[in-house]
Amino acid sequence: MRRLLPAVVNISTTQNVGARPGPGGRPDAPAPQAPPGSPFEEFFRDFFNRQRPGPQGEAPPAPGRPPQGGPQRRAQSLGSGFVVDASGIVITNNHVIEGADEINVILQDNTTLRATLLGTDPRTDLAVLRVSHSAPLPYVAWGDSDTAEVGDWVLAIGNPFGLGGTVTAGIVSARGRDIRQGPFDDFIQTDAAINRGNSGGPLFNLRGEVVGINTAIYSPTGGSIGIGFSIPSNLARGIVRQLADGGRVRRGWLGVNIQQVTDEIAESLQLRNGTRGALIARAQEGGPAAAAGLRAGDVVLRFNNQEVREMRTLPRIVADTAVGSRVPVVVWRDGREVTVEVTLGELPSEQAQAGATPEPARPDQPVELAGLGMRVAGVTPELRERFRLRPEARGVVVVDVTGGSPAAEREIRPGDIVLEVQQERVTTAQELQERIERLRRQNRATALFLIESQQGQRFVPLRLAAPAPSR
């Protein structure tokens with residue numbers, strides 16, 4: 001501990017703000033309260049009052065105007081961080097310093113150093129700071145998070161509730177947690193106590209190496225209940241290096257929309273031996289995947305010689321691959337494995353929606369898809385207006401869905417568009433009906449539909465129930 005504690009720092013930020021109104025124009029929501037009579041009651045009251053931008057009960061200023069009677073108040077927040085280079089490179093969470101006008105790093109001996117923000121990565125909630133000091137700073141080394149096994153002992157050091165260097169111990173509770181914070185979630189879960197103010201602090205293995213960065217907790221009360229989450233060091237290390245060197249992160253980009261391969265989709269595509277991978281719902285026009293010949297309906301099994309076990313594995317592997325590199329992608333297509341060479345682009349900061357080439361609508365009469373519980377028709381001006389379809393929309397429009405039917409169970413809705421059946425494009429209702437009947441004659445149990453809705457494209461497997469006999 002004598003070696004590790006000096007390298008763990010407190011992060012203090014200030015922000016010039018007015019009083020921020022809460023619901024009904026009141027100041028920010030009240031701070032959590034300790035039970036009356038608790039020895040912590042006064043501590044919590046004093047601590048959270050210090051964090052408020054101004055006196056409780058003061059009326060907020062009008063929008064866009066500074067508070068009356070003086071300069072803007074300064075909101076303060078506290079977090080944790082750690083030094084990874086003796087020259088003064090400090091790591092913390094993005095949410096610790098986000099929006100700050102001033103960032104200070106407080107060393108173990110209470111020396112306060114003004115920090116310069118080198119770069120942030122909101123997608124992984126990481127930030128890199130630099131501080132200057134007259135002498136080299138104590139620092140800690142990265143460890144290999146891939147070697148951290150469930151049950152291994154770990155130590156968390158940080159600044160909970162502003163108390164300064166505090167050490168807690170626990171074990172690795174789980175690996176690869178997806179807590180819906182972003183596309184690259186791969187958290188280490190630990191039961192080492194992590195509380196407010198621990199964000200940005202290191203998670204150490206017993207060799208004193210950083211295997212994680214403490215970032216989030218699950219808690220219905222706001223305090224630690226033994227469920228904390230840390231960014232793995234192997235994910236953070238490359239991002240930190242890019243931020244320290246250039247101030248931004250460049251990630252590989254494939255240019256596809258993907259979805260999970262369910263058991264029914266796997267059956268429809270005749271995937272063998274429990275193989276899953278990531279199903280391409282759409283290859284974005286102008287993207288690297290489309291340029292290489294990848295297409296909707298392909299299932300990515302391996303990317304750059306790494307196995308894609310499930311959908312959420314693919315974005316992380318692609319993002320970690322160097323921009324501009326040419327890599328092999330193994331996909332499942334038409335019942336066999338196909339290898340495609342793809343040259344990766346750079347992930348845009350905001351994905352642009354790729355447009356489609358307009359195609360004249362093909363009016364036809366609505367058709368009842370017997371056994372599936374939906375009526376469909378070709379795109380017409382009337383249906384385009386009724387369902388507010390895009391001007392370039394093409395395919396077969398769902399005009400009605402029967403409650404309790406296979407289509408309803410799969411959450412197909414009127415206004416959705418059927419683009420493909422079993423990876424074959426359909427443009428008229430009659431064509432769609434013929435494809436379904438052909439699959440029934442082949443004794444296929446399911447058909448794989450490519451559906452476009454307001455939320456985007458997705459593959460939907462539908463059981464091909466036999467049509468009810470006429471009476």
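This is a predicted model: local features need pLDDT of at least 70, side-chain atom pairs count only at pLDDT 80 or more; totals for chains, interfaces and linings use all residues.
Let me begin with the whole chain. The protein has 471 residues, of which 47% are buried, and its secondary structure consists of nine helices and 28 strands. If we take the contacts with a separation of 6 or more, 61% of them join residues 24 or more positions apart. The accessible surface comes to about 23500 Å², and carbon and sulfur atoms account for 48% of that area.

Now to the interior. In soluble globular proteins, nonpolar side chains tend to be buried together. Here the largest nonpolar core has 25 residues, and the members that touch the most other members are Phe82, Ile91, Val140, Trp142, Phe204, Ile213 and Ile231. Several elements supply at least two residues each, namely the strands β2, β3, β7, β8, β12 and β13, together with the helix α3. Of these, α3 gives the largest share, which is five residues. Apart from this core there is another one, of 24 residues, including Ala266, Phe387, Val399 and Leu448.

Next comes helix α9, which runs over residues 429-441. The helix has 13 residues, and from its first C-alpha to its last it reaches 19 Å, close to the 18 Å expected at 1.5 Å a residue. Which residues of α9 are buried? They are Ala429, Leu432, Arg435, Ile436, Leu439 and Arg440, and because they cover an arc of only 140° around the axis, they lie on the same side of α9. An α-helix has 3.6 residues a turn, so residues three or four places apart point the same way. On the face turned away from the buried side we find the exposed residues Glu434 and Arg441. Just after α9, asparagine 443 takes a positive phi of about 60°.

Arginine 410 lies in the loop between α8 and β25, and with a relative accessible area of 34% arginine 410 is partly exposed. Not counting residues up to four places away in sequence, arginine 410 touches Glu264, Arg458, Val460, Pro461 and Leu462. Proline 461 is 51 residues from arginine 410 in sequence, yet the two are 8.1 Å apart in space, C-alpha to C-alpha. A polar atom of the arginine 410 side chain lies 3.3 Å from the backbone oxygen of proline 461.

The other residue is valine 249, in the loop between α3 and β14. Is valine 249 buried or exposed? Its relative accessible area is 16%, and because the cut-off for buried is under 20%, valine 249 counts as buried. Leaving aside neighbours within four places in sequence, valine 249 is in contact with Asp121, Ile239, Gln242 and Leu243. Valine 249 and glutamate 346, which are 97 residues apart in sequence, are 9.9 Å apart in space, again C-alpha to C-alpha.

Technical notes: Residues are numbered from 1 along each chain as its sequence is written. Side-chain values use heavy atoms; hydrogens and water are left out. A nonpolar core is a set of buried Ala, Val, Leu, Ile, Met, Phe, Trp, Tyr and Cys residues joined through side-chain atoms within 4.5 Å. Buried means under 20% relative accessible area, exposed over 50%, partly exposed in between (1.4 Å probe, protein chains only). Helices (H or I, at least four residues) and strands (E, at least two) are DSSP runs, numbered from the N terminus. The expected span of a helix is 1.5 Å times one less than its number of residues. The arc is that of the directions from the helix axis to the C-beta atoms. Contact means heavy atoms within 4.5 Å. Accessible areas come from the Shrake-Rupley method with a 1.4 Å probe; for residues, only the protein chains shown count as cover. A polar contact is a pair of N or O atoms within 3.5 Å; within protein, one must be able to donate a hydrogen and the other to accept it, and residues adjacent in sequence count only if both atoms are side-chain atoms.
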